[in-house]
Amino acid sequence: MATKLILKLYVTGNTLKSQKALTDLKNIMEEEFHGLYELRVIDVLKQPALAEQDKILATPAVARVLPTPLRKIIGNLSNKEKVLLGLDLTIEK
């Protein structure tokens, strides 16, 4: 994959659910795309305008911004296959 991945993780505060979503997503991305991605974490409590602009209605949510087209998934991020499929990311080994 030549293009660097840009992901946005939307969370609600510094809760256990938010921390788990961040940890799960980081683990998947480090394992599959180490050094090839950028992860931006957006707390919707601190930046509600960004969540509204990006049409985020529930958290945790992940948006793959680049490469286009935009892909979003909401909810549990612990299942690697579901996360990669939902974000339309292929694993090249």
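**A helix and its neighbours**

Modeller: One thing to look at here: the side chain of Ser18 reaches the backbone oxygen of Gly13 at 3.1 Å. Keep in mind that this is a predicted model.

Colleague: OK, and where does Ser18 lie?

Modeller: Ser18 is part of helix H1, which covers residues 16-33.

Colleague: Is Ser18 buried or exposed?

Modeller: Buried, because its relative accessible area is 8%, and the cut-off for buried is under 20%.

Colleague: What does Ser18 touch, leaving out residues up to four places away in sequence?

Modeller: Val11, Thr12 and Gly13. Asp43, in strand S2 (residues 37-43), also touches Val11, Thr12 and Gly13, with the sequence neighbours left out in that way.

Colleague: What about a salt bridge for Asp43?

Modeller: Asp43 has none, although it's buried. The nearest side chain of opposite charge is Lys46, 4.5 Å away, and a salt bridge needs 4 Å or less.

Colleague: Back to H1. Which residues are buried there?

Modeller: Ser18, Ala21, Asp24, Leu25, Ile28, Met29, Glu32 and Phe33. Looking down the axis of H1, those buried residues fall within an arc of 135°, so they line one face of the helix.

Colleague: Why does that kind of spacing work?

Modeller: An α-helix has 3.6 residues a turn, so residues three or four places apart point the same way.

Colleague: And which residues are exposed on the other side of H1?

Modeller: Leu16 and Glu31.

Colleague: What covers the buried residues of H1?

Modeller: The cover includes strand S1 (5-11), S2, strand S3 (61-66) and helix H3 (80-86).

Technical notes:
Residues are numbered from 1 along each chain as its sequence is written. This is a predicted model: local features need pLDDT of at least 70, side-chain atom pairs count only at pLDDT 80 or more; totals for chains, interfaces and linings use all residues. Side-chain values use heavy atoms; hydrogens and water are left out. Helices (H or I, at least four residues) and strands (E, at least two) are DSSP runs, numbered from the N terminus. Buried means under 20% relative accessible area, exposed over 50%, partly exposed in between (1.4 Å probe, protein chains only). A polar contact is a pair of N or O atoms within 3.5 Å; within protein, one must be able to donate a hydrogen and the other to accept it, and residues adjacent in sequence count only if both atoms are side-chain atoms. Contact means heavy atoms within 4.5 Å. Lys and Arg count as positive and Asp and Glu as negative; His and the chain ends are not counted. The arc is that of the directions from the helix axis to the C-beta atoms.
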